[in-house]
Protein chains: 2
Amino acid sequence: MRVLVTGAAGFLGRGLIGALLDDRSGRPPVDHVLAADAVPCPVRDRRVVTRTGDIADPAFAASLFEREVDLVHHLAAVVSGEAEADFDRGLHVNVDGTRTLLDACRSLRTPPRVVFASTIAVFGGRLPDVVPPDFWPRPQSSYGAEKIIGEVLVAEYTRRGFVDGIAVRLPTVAVRPGRPNAALSSFVSGIIREPLAGIDTVCPVPLDTRLWICSPGIATANLAHAGTLAAAALDGDPLVNLPGLTVTPGEMLDALERVGGRAARARVRCEPDARVTRIVGSWAGALDPARARRLGFHVDRDVDAVIAQFVRSAAST
Amino acid sequence: MRVLVTGAAGFLGRGLIGALLDDRSGRPPVDHVLAADAVPCPVRDRRVVTRTGDIADPAFAASLFEREVDLVHHLAAVVSGEAEADFDRGLHVNVDGTRTLLDACRSLRTPPRVVFASTIAVFGGRLPDVVPPDFWPRPQSSYGAEKIIGEVLVAEYTRRGFVDGIAVRLPTVAVRPGRPNAALSSFVSGIIREPLAGIDTVCPVPLDTRLWICSPGIATANLAHAGTLAAAALDGDPLVNLPGLTVTPGEMLDALERVGGRAARARVRCEPDARVTRIVGSWAGALDPARARRLGFHVDRDVDAVIAQFVRSAAST
């Protein structure tokens, strides 16, 4: 099976490529991964070919489909903080990039499965405590607005038969390794990762803010699962709210203390930032997971399991 | 006040320009209308200047804002039948046209009020009998998908402060004068208009299909009203489901018979067409009108009033 992953150099992209190459689900093995990103993908494997370019450039997008592709994982995106800071760049990558990629798929003989990574950030404004499946999101960020447009495009190109698409709304993925990024939710990883590394850090939202999270392991497993689901199982509705855990920063810090002691917790100062609180606080704190669970998507056991996964992965690298 | 109307040569555009020029709402009078369309707008008035071009062409869009504009009514669109038949042209006009227009507004010193004419056609799939305000539309037509993208763009450009936008979802507008058009809902006017002119016609959907309609007079009055609403009244949510009447073709034919007798009704044959039934049948049969009514939007009294309006206007032309 030939797979294209966009945003392949990112944290989720690299994790997903690893999961695809290790796949033991019984489907035809992945023998070729085209790893596309604006910067070279560092995954080293004889089955992985790296391509660098701008996904919104039609010539670059077309070059990715010179041979047939069976499955596309479209992760390439400008994250929330950058899309808010540079409006035109956000539209270019998140909207034009998605449309250019979908258009390029039309050259294939068989419509490929396209998995579009959408996000909890599409939600905003007044929300019910648990957001039902049919809820209209009113994004309060450029990133959220751009991701909704991507969802609508994927559904429409699917309805027209150009692709066999599925759009999955990922929770905030934590705990991420490495450095903070430009996502407004970067702190959700930072308040665990930094203290465990002996670094002081700041929580920029109130400690009782409801977050909807999943671990990197669950995120990549669910993306891979979205690539294997039969189209018929989606029953004409290619948009899936992925399951997650509802946690507050306060509960995450309690869990941090269980792992790292009071000294770790003491490294986190709570200093709410109005802009981050407004946008992250507008995201959904919980989504109804029933349909996603029926479709076989996974969820973390609890916040301790999420942190334990990070501690294990940090120890192994 | 200077107003730009796109899609000005269309039926709604011409009616809206008339309503704007006759406006007695007490706001500053409209002393200049820029009437933009792909074909010349036939309205003859010393206050109306016609411009022809492609709204998705950035140079043409920019030319419309060489002087300040206070209010933009964006009606230009490829209708549902044509968008379904020519996918790329639908995206070009309905998506690229809207974005190009919104981008051109960014050159103005003061963000203009932008009224975006959206549509009941955004809805599709399984719907509640009365669609609540927060319902996620799953369009089953390219036109519907493109209009949702327009709504999201208008909301986002408004949130960013580039425009002062409002998107109103119009019911099916009937009874339209003139010839059938490429809208899949064209028959909703045709089953009244043609029999009253002594012409045989076809109803391509089952007679009990629920339709959500408003008269041309109410549609133009509501578009004009959307141009005058204070931004504060929208409370951060620029998307409004306009009120309408729920009627079936059967009820419309009963009303036709009251006006035109049994001979008129006998001119309508019911021959359901699978494609039209699938798409038009996927649109909402009723929307919760509470918010729109609070905001001062109007609704027709009943289907007899809708038909009487058509009979009066046909007699006066």
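Of the contacts in chain A with a separation of 6 or more, 78% join residues 24 or more positions apart, a contact being two residues whose C-beta atoms, placed from the backbone, lie within 7 Å. The model is predicted: local features need pLDDT of at least 70 and side-chain atom pairs count only at pLDDT 80 or more, while totals for chains, interfaces and linings use all residues. Residues are numbered from 1 along each chain as its sequence is written, with chains lettered from A in the order in which they are written.

Chain A has 11 helices and 12 strands, which are DSSP runs (helices H or I, at least four residues; strands E, at least two) numbered from the N terminus. Its radius of gyration is 19 Å, close to the 20 Å that the globule rule gives for 317 residues, so chain A is as compact as a globular protein of that length. The radius is taken over C-alpha atoms, and the rule is 2.2 Å times the number of residues to the power 0.38.

One open sheet in chain A has three strands in the order β7-β9-β11, with mixed pairing; strands pair if DSSP finds at least two bridges between them. Its edge strands, β7 (172-173) and β11 (245-247), each pair on one side only. Strand β9 (residues 211-214) of chain A pairs with β11(A) in the antiparallel sense over three bridges, and A:Ile213 stands opposite A:Leu245 in β11(A).

In chain B, the residues of α6(B) that meet α8(B) are B:Ile191, B:Ile192, B:Pro195 and B:Leu196. Their partners in α8(B) include B:Met252, B:Leu256 and B:Arg265.
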